[in-house]
Amino acid sequence: MPIKDEYYVFSNDYSKVNFVVNMNDSRRLGILRDQAISTNIPASFECKSLRTFKPIAASFDISASTKLLFDMDYAKPLVELNLYNNSIVPAKIIDKDYLYLHCYNIINILNDEVGFDFEALNSIALENRLVFRPSFESIIIFFHKSVVDAIESIKKPSYAKPVKVADWTMELEMS
């Protein structure tokens, strides 16, 4: 299997997602692109309706917007995988607990001529590239198939779906 086929992104299922999730934390945790976040105090997020733009209760298993939030059901695989250069941060929307996956594992595979140069990953140990950002500026996060499998072994996500990076486009994300 080509190495590019081993990676996925989580993409919101917009047939179900009628909300947007934003970080609403006074500690400005969202600007720490290349640093760990070490806290037991939940990061504050808000969930807003796309119809009314008013806060609503959160009811998703995975939210894949600019920040990745996971339902607490996924805590075991996310913690046990001990993801290199990723922080699993407690998060809260109103009264519901989530996990915020803060990825500061930046592996620059962005190439101006070919797009993503997945062959550059061959020189990096798998455990150091299970979950990573493909460039410093990137808002997307790549997940190795083994991580997706571990997540789906708990339950198949219903609000976000894994899409092979090779098949993912910005147009797909906006559809």
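These notes go through the overall build, the strand pairings and a few single residues of a predicted model.

1. Basis. The model is predicted, and local features are used at pLDDT of at least 70, side-chain atom pairs only at pLDDT 80 or more, with totals for chains, interfaces and linings taken over all residues. Residues are numbered from 1 along each chain as its sequence is written, and side-chain values use heavy atoms, with hydrogens and water left out.

2. Secondary structure. The protein has three helices and twelve strands. Helices here are DSSP runs of H or I with at least four residues, strands are runs of E with at least two, and both are numbered from the N terminus.

3. Overall dimensions. The radius of gyration is 16 Å, which agrees with the value near 16 Å for a compact globule of 175 residues. The radius is taken over C-alpha atoms, and the globule rule is 2.2 Å times the number of residues to the power 0.38. The C-alpha trace spans about 45 × 35 × 30 Å along its principal axes.

4. Burial and surface. Of the 175 residues, 45% count as buried. Buried means under 20% relative accessible area, exposed means over 50%, and partly exposed lies in between (1.4 Å probe, protein chains only). The accessible surface comes to about 9200 Å², of which carbon and sulfur atoms hold 51%. Areas come from the Shrake-Rupley method with a 1.4 Å probe, and for residues only the protein chains shown count as cover.

5. Among contacts with a separation of 6 or more, 68% are between residues 24 or more positions apart; a contact means heavy atoms within 4.5 Å. The protein has 19 positive and 23 negative charges, and their mean positions are 7 Å apart. Lys and Arg count as positive and Asp and Glu as negative, while His and the chain ends are not counted. Each charge is placed at NZ of Lys, CZ of Arg, CG of Asp or CD of Glu.

6. Strand β3 and its neighbours. β3 (residues 43-49) runs parallel to β6 (residues 86-93), with three bridges between them; strands pair if DSSP finds at least two bridges between them. In this pairing Phe 45 stands opposite Ile 93. β3 also pairs with β2 (residues 19-23), in the antiparallel sense and over five bridges, and there Val 20 stands opposite Lys 48.

7. The two faces of β3. The side chains along β3 alternate.

8. Strand β7. Six of the eight residues of β7 are buried, so this strand is largely enclosed by the rest of the structure. β7 (residues 96-103) is joined to β6 by eight bridges, and the two run antiparallel. Opposite pairs here include Lys 92 with Asp 97 and Ala 91 with Tyr 98. β7 also pairs antiparallel with β5 (residues 68-71) over four bridges, where Leu 68 stands opposite Leu 101.

9. The β6-β7 turn. β6 and β7 form a hairpin with two residues between them. Ile 94 in the turn has a positive phi of about 55 degrees and is exposed, with a relative accessible area of 58%. Most residues other than glycine have a negative phi.

10. Phe 53. Phe 53 is in the loop between β3 and β4 (62-64), and counts as exposed at 57% relative accessibility.

11. The four-stranded sheet. An open antiparallel sheet is formed by four strands in the order β10-β11-β1-β12. Its edge strands, β10 (131-132) and β12 (160-164), each pair on one side only. Within the sheet, β1 (residues 7-12) and β11 (residues 142-144) run antiparallel and are joined by two bridges, with Tyr 7 opposite His 144.

12. Val 163. This residue is found in β12 and counts as buried at 11% relative accessibility. Val 163 and Val 9 are 154 residues apart in sequence, yet their C-alpha atoms are 5.4 Å apart in space.
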